[in-house]
Each structure stands twice: as structure tokens, then as C-alpha cells.
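Please open the structure in your viewer and keep the sequence panel beside it. The tour below moves from one selection to the next and says what to look for at each stop.

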Amino acid sequence: MRIVSILALLALTSGPATAAAIYQIGDNDGYGAAVCDNCSHSFDGFSADHDGRSATEKLATDGAQYTDTYSTTHPGFSPHGLETVATFHFGGLGAHWTSGKLEIDLADFQASEFGAVAAAFNGITQDFAFDDGYTKTAIHTFLLSDAVLDSINATGELVITIDRNNSSDFYGIDYLKLTDLTEPAVFMPPVMNTVASPVPEPETYLMLLAGLTLLSFACRRNIKPIGLTA
Ligand SMILES: [Ca+2]
Ligand SMILES: [Ca+2]
Ligand SMILES: [Ca+2]
């Protein structure tokens with residue numbers, strides 16, 4: 001017998017997709033100097049004192065105070081005093097993350113020449129040993145590991161630290177952008193008991209017809225017309 005089910009069709013039905021949530025620290029304004037993405041800057045590689053921060057960035061406490069400087073957290077050259085660690089804080093992230101990525105726009109990383117920074121996402125070490133080269137800007141993207149996603153779900157935040165204590169590199173950070181790639185919840189219509197009735201095969205029709213014929217014959221033998229006696 002052939003059973004036609006529409007459950008499979010229901011399973012293919014989903015609601016409208018929702019846009020991925022995006023969180024950003026700093027803006028993509030070319031280090032406050034209109035430097036294009038993935039190209040070259042003209043910052044001074046000797047005095048390294050570029051400070052293109054807006055008033056908002058200077059007053060920020062979420063990490064934007066570290067963007068748009070070419071000499072970030074470099075005592076004696078940066079506007080950050082004696083600080084040697086830049087900390088960026090994404091908060092209010094919830095506890096539902098299954099996938100996400102971080103995009104970060106960097107200038108002039110030279111890990112091999114001047115030492116790599118020590119970077120971590122929620123305390124989990126990340127490879128930041130970039131060798132983009134002097135005058136080069138580059139947008140780097142990290143797909144968040146399961147460990148980082150678990151830490152976001154446990155704390156509702158993502159804290160990024162870039163520690164230059166073992167590095168004398170001059171570099172800059174234009175912005176950081178965090179994207180929640182968690183799949184939107186799939187809308188499933190209520191499942192009804194809608195398995196279609198079986199469609200009888202020809203043999204079944206023949207058996208049914210034979211049964212009806214026998215039943216009719218039996219009735220004719222046993223039922224007598226009303227008013228007649230045997
Ligand atoms: Ca940029
Ligand atoms: Ca550099
Ligand atoms: Ca910027």
C-alpha cells in the first residue's frame with residue numbers, strides 16, 4: 001500500500017529569517033584618518049603618535065578609547081598613559097549563541113619583527129601573530145570557537161584583550177565588529193494527525209467487491225419480506 005504523508009512537507013516549512021545581530025566597537029573610518037580597508041596608511045613609523053579618535057572614542061569605556069590610535073597602548077607613544085593592554089567589552093549578548101564571528105580592522109601588525117601580542121577572547125588565547133607589514137592595514141576575521149561561544153553563553157559578554165607586554169610593535173585598530181550567526185529559530189506549524197488514508201491497490205478493490213457480493217447473497221437468503229410467513 002502506498003502511504004502519502006505530508007509531514008515531510010510540513011518539515012520544510014519555516015518562518016521568515018531574521019537579520020543577524022551585529023555589535024560594534026569603534027567605527028570604520030580608517031583610523032580616524034580615512035585610510036581605506038586592506039590597503040596602506042601614511043602614519044609615522046618613528047614617532048607613531050597618530051591619534052584620530054573622536055570625542056566619543058576618547059571618553060569611551062567599552063574599548064573604543066583604544067581605536068584609531070597608531071601606537072595603541074604603547075607607553076611613551078600612545079595617548080593611553082602607562083597602559084599596555086587594550087580591553088574591548090561587548091556586553092548584553094545573552095545565552096543563546098551557537099555561532100559567531102569577530103571582524104577586526106588592524107594596521108601594521110609585524111609580529112615576526114617586533115614580537116606578537118598576547119590576545120584572548122574571554123581569557124581564551126587567540127592567534128594574533130599577524131605579519132601584515134609596515135603601512136599595511138588588514139581586516140581579519142575570527143570564527144568563534146566552541147569554547148568562546150560557551151563562555152559567551154555563560155557570561156553574556158565577550159571581553160577581548162590585546163596585551164603588548166611582549167611586543168614593541170606599533171599598530172592600530174580601526175574597529176571591532178561582532179556578528180551573531182546563530183540560526184534564527186525555525187517556525188514549525190503545529191503537527192496534526194494528517195497522515196492521508198491509504199489508497200487501496202486494485203487487488204484490494206477485488207477483495208472488497210467479492211466481500212460485498214457474498215454479503216448481499218447472504219442477506220437475500222435470510223431476510224424475508226415483511227408480512228409473509230414461511
Ligand atoms: Ca577600516
Ligand atoms: Ca607595526
Ligand atoms: Ca575607527
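**From a strand residue to the calcium site**

Begin by selecting Glu 103, which counts as buried at 14% relative accessibility; bear in mind throughout that this is a predicted model. Because Lys 177 lies in strand β10 and Glu 103 in strand β5, the pair ties together parts that are 74 residues apart in sequence. Lys 177 itself is partly exposed, with a relative accessible area of 23%.

The count of salt bridges comes to 2, and for the other stop select Asp 51 together with Arg 53, where the closest N and O atoms are 3.0 Å apart. Here Asp 51 is partly exposed, at 32% relative accessibility, whereas Arg 53 is buried, with a relative accessible area of 14%.

Now select the calcium ion (ligand 2): which residues coordinate it? The donors are Asp 108, through both O and OD, Gln 110 through OE1, Asp 169 through OD and Phe 170 through O, at 2.3 to 2.5 Å. Along the sequence these donor residues follow the spacing D-x1-Q-x58-D-F. Gln 110 sits in the loop between β5 (100–107) and α4 (111–114), while Phe 170 sits in the loop between β9 (158–163) and β10 (172–180), so this pair ties together parts that are 60 residues apart in sequence.

Note on methods. Residues numbered from 1 in each chain as written. Chains lettered and ligands numbered in written order. Predicted model: local features only at pLDDT ≥ 70, side-chain atom pairs only at ≥ 80, totals over all residues. Heavy atoms only, no water. Donors = N, O, S within 2.8 Å, 3.2 Å for Na, K, Ca; no water. Helix = DSSP H or I, 4+ residues; strand = E, 2+ residues; numbered from the N terminus. Salt bridge = Lys/Arg side-chain N within 4 Å of Asp/Glu carboxyl O. Buried < 20%, exposed > 50% of the residue type's maximum accessible area, 1.4 Å probe, protein only.
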